[in-house]
Amino acid sequence: MPVRILCFWSLCLCIYIFLVTLLSYRFVYPSIAELNGSYAITSGKFVPSSAWNSEEIFAENGRQVSLPDDNSIIANRLRRGWYVFSLDVSVEKIKETQLCLYFPKVSQNIEVFVNNHWIGNAGRMKPSVYRNRNYPLLFFLDKKSLFKVDNEIKIHLAGQAELGTYLGRFYLGTEENLLPIYEKNKVVRVNLIFFTTTALLSFSFFLGILWALRKKETYYLWFSLAAFLWAIHDANNFWRIPVVPDLIWEAFVPLSFGWSIVFMMLFLHGIEGGFNKKIAHFILSAMILLSVPFLYPDMGWVWFYGYQIWFYCVALVGAYNLFFLFSIYRIKRKERTFFMFLTGISILFFGIHDLLVVTRFFDPASPFLLHFSALLVLIVISKIVLSQFVDGMNVMENYNTALESDIRQKKAVMEKHYLQIQDLQRKRILFQERERIMRDMHDGIGGNLVSIIASIESPHVGKNEIKTDIHAALQDLRIMIDSLDNSASDLLTVLGMLRMRLAEQLRYAELKLEWCIEDLPDIEHFGPEKALHTMRIVQEAVSNVIKHSGAKTLKLSTYVAQMAGEKHAVVEIRDNGYGVIPDVSRGRGLSNMRYRAEKIKAYLRIDPVPQQGVVITLAFPINTDRKNP
């Protein structure tokens, strides 16, 4: 960052600290013009009594004190006491409006009596006493309880420990004058602190969820814990009703802020890196040891140790955090490091101010200011988290853009290769199909043509025999052409074509055909090759029936059967002939049938039944993923 930018933001921090301090004190301490004739009560008598009844308290039993008074309770080693004040002003001089007693700050709780008439209190006076340590209080007076002159105000003061119990100056005046002062004071002392505490808790919850989603980034967890503990510390300034024993609460309040600063150190180490592990371990060990004295169960000791020793040690940890950020900024020159350094200065400044207020180096009625640094911390850390999120989104978008470009390039290459593979596959299929056709033509038509030529050259072969051989060759050619038809994509269509081609041959053989066809499920990959082999098997079976069986009836049927635990589409050819299988040595018909069935992964079975015929079963597995029988 340029020097002028550093100076600008440093000046902004100084202005912020100055304005916060100025306006807070201005709102807390009313001006003479705002008081407008209200009567400031600054002196009276302290009566060291534990009585609960104001009529037992007499001014002559006390000693003269000036307000604010934080010595009387300590000197008498008490947690309760009485103050008696005589009003020298005539009530008749005050306008005929509602009169009020305004207490800018008390600790911890009071109840007010005017001329021994109870006016009110700010909550429970007996242990556990309500905590009004930072609350302004306003009591409305009944004018019937006031005399024209010589009025007496008695204030019963109760606290948790003598070190934290005192009474500050207060005012008597009209509601018109004192109510606006009270409301402004409450905004500074209570409302703003409540707002920052709520913001800290919300941000702590948010970062806790963020850490749960991204556990490798542990610095989110450290700041979540730091914000939570800081919120607990600030809640002490507006939380009035005791929820835990006083001793535990008074020990936990300083501990919470101290460990909040320690967790901030861990957060800074995690997000910035480059820290000295020995120093970090030393600070953690020292803070753990320094936390042990809070276990001593004495309220006076907890107050003394917490505010006279512990907080000064916490200030040293805060100073180390500043030094660490300054060192990191000198190396990395990151904007976020500089802004965290500025917020650390505000924490240290406002924290020392509040410590001096609590320990009475400043007027105990002074406002607490530490929560104003919490606002800066939330703004800076929110900006850091959002910047990381935006940077992550930008990186992701860049990666996505690059990835989409790569995908498009890869897709184009893959499409090109796919088209090449498809072209090669088409060529391979075409070559295989040509090879198959050539082989079938050689085995079928070629053999028939050779036989026809031999018959023509032989003087013993008649014209009808040659004609029959030519018809057989022509039929083979037609069957082969039928197998290439696109419509021959299922078994029933193939059988229908074959029936048409064999009709004339069956008629010449005076063989009656019984056609019993049922619908069959589709057979996977039933293409031209399977169609041709199926036609050849059925053709060979029919030829064997015509030539060798002596049958008068041929039955061709289809059905679905369960074979070897698997569904099959079955073609059955049954004749009523002799029931004798031709001699294999005299021809290759049966072996060709088995060879073709094996090629198309079909099941072929030939069952002769003497004097009843032969049953030929050709079965195709419907589920081709399973092993064929």
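A word on terms before we start. A helix here means a DSSP run of H or I, at least four residues long, and helices are numbered from the N terminus. Also, this is a predicted model.

Let's take the whole chain. The chain holds 14 helices and 17 strands. It has 629 residues, and 46% of them are buried. Now look at contacts between residues at least 6 apart in sequence: 76% of these join residues at least 24 apart.

Next, helix α13. Please find residues 528-549. How does its span agree with its number of residues? The helix has 22 residues, and at 1.5 Å a residue they should span 32 Å.

Is α13 mostly covered or mostly uncovered? Mostly covered: 16 of the 22 residues in α13 are buried. Step just past the end of the helix. There, glycine 550 takes a positive phi of about 65°.

α13 has a partner, helix α14, residues 589-599. The two axes come within 9 Å. They cross at roughly 155°. Angles over 145 degrees count as roughly antiparallel, and α13 and α14 are therefore roughly antiparallel to each other. The crossing of α13 past α14 is left-handed.

Who meets whom? From α13, the contact has Glu529, His533, Arg536, Ile537, Glu540, Ala541 and Asn544. From α14, it has Gly589, Leu590, Met593, Arg596, Ala597 and Lys599. By type, the residues of this contact divide into 5 nonpolar, 3 polar and 5 charged.

Helix α5 covers residues 219-235, and helix α6 covers residues 246-272. Their axes come within 7 Å and cross at roughly 155°. So α5 and α6 are roughly antiparallel to each other. Their crossing is left-handed. What kinds of residue make up this contact? They divide into 18 nonpolar, 4 polar and no charged.

On to helix α9, residues 335-358. It has 24 residues. From first C-alpha to last, α9 reaches 35 Å, close to the 34 Å expected at 1.5 Å a residue. α9 is mostly covered, with 17 of its 24 residues buried. Just after α9 comes arginine 360, with a positive phi of about 75°.

That brings us to the backbone. Most residues other than glycine have a negative phi, and most peptide bonds are trans.

First stop, a cis bond. The peptide bond from leucine 67 to proline 68 is cis, with omega near 0°. Proline 68 sits in the loop between β3, residues 63-66, and α3, residues 72-75.

Next stop, another cis bond. This one joins serine 107 and glutamine 108, and omega is about 0°. Where is glutamine 108? In the loop between β6, residues 106-107, and β7, residues 109-114.

Follow β7 onward to two asparagines. Asparagine 115 lies in the loop between β7 and β8, residues 117-121. Asparagine 115 is not a glycine, yet its phi is positive, about 50°. Asparagine 116 lies in the loop between β7 and β8 too. Asparagine 116 is not a glycine either, and its phi is positive, about 65°.

Are these asparagines buried or exposed? Buried means under 20% relative accessible area. Asparagine 115 is at 12% relative accessibility, so it counts as buried. Asparagine 116 is at 32%, so it counts as partly exposed.

Last stop, leucine 192. You will find it in helix α4, residues 175-213. At 29% relative accessibility, leucine 192 counts as partly exposed. Leaving aside residues up to four places away in sequence, leucine 192 touches Val187, His371 and Phe372. Take the histidine from that list. Leucine 192 and histidine 371 are 179 residues apart in sequence. In space they are 7.9 Å apart, C-alpha to C-alpha.

That's the tour. Thank you.

Terms used: Residues numbered from 1 in each chain as written. Predicted model: local features only at pLDDT ≥ 70, side-chain atom pairs only at ≥ 80, totals over all residues. Heavy atoms only, no water. Expected span 1.5 Å × (residues − 1). Buried < 20%, exposed > 50% of the residue type's maximum accessible area, 1.4 Å probe, protein only. Axes fitted to C-alpha atoms, helices over the stretch in contact; angles between N-to-C directions. Parallel < 35°, antiparallel > 145°, perpendicular 65-115°, else oblique. Left-handed = near helix turned anticlockwise from the far one by under 90°. Contact = heavy atoms within 4.5 Å. Nonpolar A, V, L, I, M, F, W, Y, C, P; charged D, E, K, R; others polar.
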